[in-house]
Amino acid sequence: MQATMDHALTKPAEECRRDLFIVLCASGFENIARARSALMFASLAASADYRTVLYCIQNAVDIMVKGGIEEHEKPQPGVPTLRQRLDEAMEMGVEIQCCTQTMANKKISEDELLPGVTAAGAMSLIEMTSRAKGSLSF
């Protein structure tokens with residue numbers, strides 16, 4: 001038992017993490033159903049104990065801006081809202097990252113992102129995807 005614990009302590013931190021799963025989302029307010037699906041699948045992956053990253057590019061970045069959901073989404077009876085799916089994903093521990101190049105193109109600063117959402121460069125997505133056990137795109 002002690003040998004196992006010692007081995008775990010000497011392993012690089014990277015190897016001690018859960019398996020990585022990436023959900024890439026380019027859909028925003030023009031296709032809220034796809035964005036909701038991306039959040040739902042990210043939550044499912046997190047519930048299966050994957051370290052899950054939702055990486056937002058293009059129009060998906062708009063969803064992660066403070067006040068964006070409230071301004072653009074019109075709730076439909078019997079359909080979970082984008083806010084509900086986002087809150088669910090964050091509660092499940094999904095890491096949400098927004099593409100810095102998309103942010104620059106849209107003139108969005110990191111301060112404008114929702115709490116808990118971070119900016120990350122494209123190489124971050126490439127590096128994570130190369131290590132991930134799986135990925136989905138929306």
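A residue is called buried when its relative accessible area is under 20%. That term runs through this briefing on a predicted model, in which 38% of the 138 residues of the chain count as buried. The secondary structure comes to eight helices and five strands.

**The chain as a whole**

- Read from the N terminus, the elements follow the order α-α-β-α-β-α-α-α-β-α-β-α-β.
- Among contacts between residues at least 6 apart in sequence, 76% join residues at least 24 apart.

**Helix H3**

- Helix H3 covers residues 32-47, which is 16 residues.
- The buried residues in H3 are Ile-32, Ala-35, Arg-36, Ala-38, Leu-39, Ala-42, Ser-43, Ala-45 and Ala-46.
- After H3 comes Asp-49, whose phi is positive, near 70°.

**The packing of H3 against H6**

- The axes of H3 and H6 are 9 Å apart, and the two helices pack at an angle of about 20°. Because angles under 35 degrees count as roughly parallel, H3 is described as roughly parallel to H6.
- The crossing of these two helices is left-handed.
- On the H3 side, the contact is made by Ile-32, Ala-35, Arg-36, Leu-39, Met-40 and Ser-43. On the H6 side, Leu-82, Arg-85, Leu-86, Glu-88 and Ala-89 take part.
- By type, the residues of this contact divide into seven nonpolar, one polar and three charged.

**The loop between S1 and H3**

- Ser-27 has its place in the loop between S1 and H3. Its relative accessible area is 5%, so Ser-27 is buried.
- Leaving aside neighbours within four places in sequence, Ser-27 is in contact with Arg-34, Ala-35, Asn-59, Ala-60, Ile-63 and Phe-138.
- Glu-30 also lies in the loop between S1 and H3. Glu-30 has a relative accessible area of 51% and is therefore exposed, since the cut-off for exposed is over 50%.
- Glu-30 and Asn-59 are 29 residues apart in sequence, while their C-alpha atoms are 7.9 Å apart in space.

- Thr-81 is found in the loop between helix H5 (68-72) and helix H6 (82-91).
- The relative accessibility of Thr-81 is 16%, so this residue counts as buried.
- Not counting residues up to four places away in sequence, Thr-81 touches Arg-36, Glu-73 and Pro-75. Of these, Arg-36 is one of the buried residues of H3.

**Loop residues with positive phi**

- Gln-58 is located in the loop between S2 and H4. Its phi is near 50°, a positive value in a residue other than glycine.
- Gln-58 counts as partly exposed because its relative accessibility is 47%.
- Lys-107 lies in the loop between helix H7 (100-106) and strand S4 (117-120). The phi of Lys-107 is near 55°, again a positive value in a residue other than glycine.
- With 71% relative accessibility, Lys-107 counts as exposed.

- Cys-99 belongs to strand S3 (residues 95-99). At 8% relative accessibility, Cys-99 counts as buried.
- Apart from neighbours within four places in sequence, Cys-99 is in contact with Tyr-55, Cys-56, Ile-57, Val-61 and Ala-120.
- The C-alpha atoms of Cys-99 and Ala-60 are separated by 9.6 Å, although the two residues are 39 residues apart along the chain.

Methods: Residues are numbered from 1 along each chain as its sequence is written. This is a predicted model: local features need pLDDT of at least 70, side-chain atom pairs count only at pLDDT 80 or more; totals for chains, interfaces and linings use all residues. Side-chain values use heavy atoms; hydrogens and water are left out. Helices (H or I, at least four residues) and strands (E, at least two) are DSSP runs, numbered from the N terminus. Buried means under 20% relative accessible area, exposed over 50%, partly exposed in between (1.4 Å probe, protein chains only). Contact means heavy atoms within 4.5 Å. The expected span of a helix is 1.5 Å times one less than its number of residues. Axes are lines fitted to C-alpha atoms, for helices over the stretch in contact, and angles run from 0 to 180 degrees between N-to-C directions. Angles under 35 degrees count as roughly parallel, over 145 as roughly antiparallel, 65 to 115 as roughly perpendicular and the rest as oblique. A crossing is left-handed if the near helix is turned anticlockwise from the far one by less than a right angle, and right-handed if clockwise. Ala, Val, Leu, Ile, Met, Phe, Trp, Tyr, Cys and Pro count as nonpolar, Asp, Glu, Lys and Arg as charged, and the others, Gly among them, as polar.
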